[in-house]
Amino acid sequence: MLMSTKTVFFLILLGYLFLGFAQEKKEALPSDTLLKVAEASITTQDVLSMALENPSYREESILVLRTLLMERLLALETRRLGIFVSEKEKDTVVQKEKELLEKRISVDLGSDHTLEQYLKSQKLTLKDFTLMTREKVTKQLQVGKVIRYLQKQEDRIEVLYIEFLSLKQGEEIREKLLKGASFSEMARQYSKHLASQQAGGKLPILSHAELGDLATTIFALKLDELSPVLEYNKKYLLFKVLKFYPKDARPFGEINDEIYKDLEENGVAAFEIDQWLVVTLKRYQPQMKHPLLQSIPFLEEISKESPEKEQKKK
């Protein structure tokens, strides 16, 4: 009950914060006061600052803020870029979700249990499930299409990647690679980057924006070239170039089918969503009314889930 109450509280609070977000009018909100008792006023700044400084509220406030920002930014970006999701695409993914759930029910509960019976036990109808699933997959497809379309509008690169905790280890492994060791095997054995480790160091295709401060160095490498060991955010990184992809200037409508096919086959990695969110937050930052939302460190914090949550997922 406590979590539910807190969530509702933050949804109401953040509703106030976003009244002026991404609108053409630039004037400030008429009042930032949520509550006034006698001569004392409580503002949204007071409440949000208190919540974010209080450990018992901070995690939930970050998650709620992340969710609200993602929904708003996704709506803005799909409109700006002309992104659409067809009814056929929605129907196809919803059907796959139903089939996956039916298989899980059969494995967990037995082959004599049907989807309808399971949903009834959860106080849901098939119509309820279909509508909720349709809404979920629509958002997932929108996020995936926005990310893939933006990637195609830039020069991109495909790399293998190993992350080390020390420069010494990085240099030792680089020497082994120069002598013919398999990069994929070295990544599986030594990389501290869990998301790419089991894939032999393979990352999704990356753009300049996604590589950030490393972009200039990585894009300057030649095909099959090994980078030096790079120090970045107290970590030591090693890259090998697999392929270069030139930017694609076609409008979204002309490449929707290939983007959809790519999403069907490969999906979108969690870190790609995190990277898209922080880049997009910075794009719209000048239009954000609340002072706290104009803080780059804060925006970077809410653009990704906590390391603890990432570890739990894995």
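Contact here means heavy atoms within 4.5 Å. The model is predicted.

## Surroundings of P228

Leaving aside residues up to four places away in sequence, P228 touches R174, L237 and L238. P228 sits in a loop, the one between α11 (215-219) and β5 (230-232).

With a relative accessible area of 40%, P228 is partly exposed, because that class lies between the limits of 20% for buried and 50% for exposed. I218 is ten residues from P228 along the chain, and the C-alpha atoms of the two are separated by 9.9 Å.

K152 belongs to helix α6, which covers residues 126-152. The relative accessibility of K152 is 16%, so K152 counts as buried; the cut-off is under 20%.

Not counting residues up to four places away in sequence, K152 touches K247, D248, I255, E258 and I259. With E258, one of these residues, K152 also forms a side-chain to side-chain polar contact of 3.4 Å.

## The chain overall

The chain has 314 residues, and buried residues make up 39% of them. Its secondary structure consists of 15 helices and six strands.

Among contacts in the chain with a separation of 6 or more, 69% are between residues 24 or more positions apart.

Key:
Residues numbered from 1 in each chain as written. Predicted model: local features only at pLDDT ≥ 70, side-chain atom pairs only at ≥ 80, totals over all residues. Heavy atoms only, no water. Helix = DSSP H or I, 4+ residues; strand = E, 2+ residues; numbered from the N terminus. Buried < 20%, exposed > 50% of the residue type's maximum accessible area, 1.4 Å probe, protein only. Polar contact = N/O pair within 3.5 Å; in protein donor to acceptor, adjacent residues only side chain to side chain.
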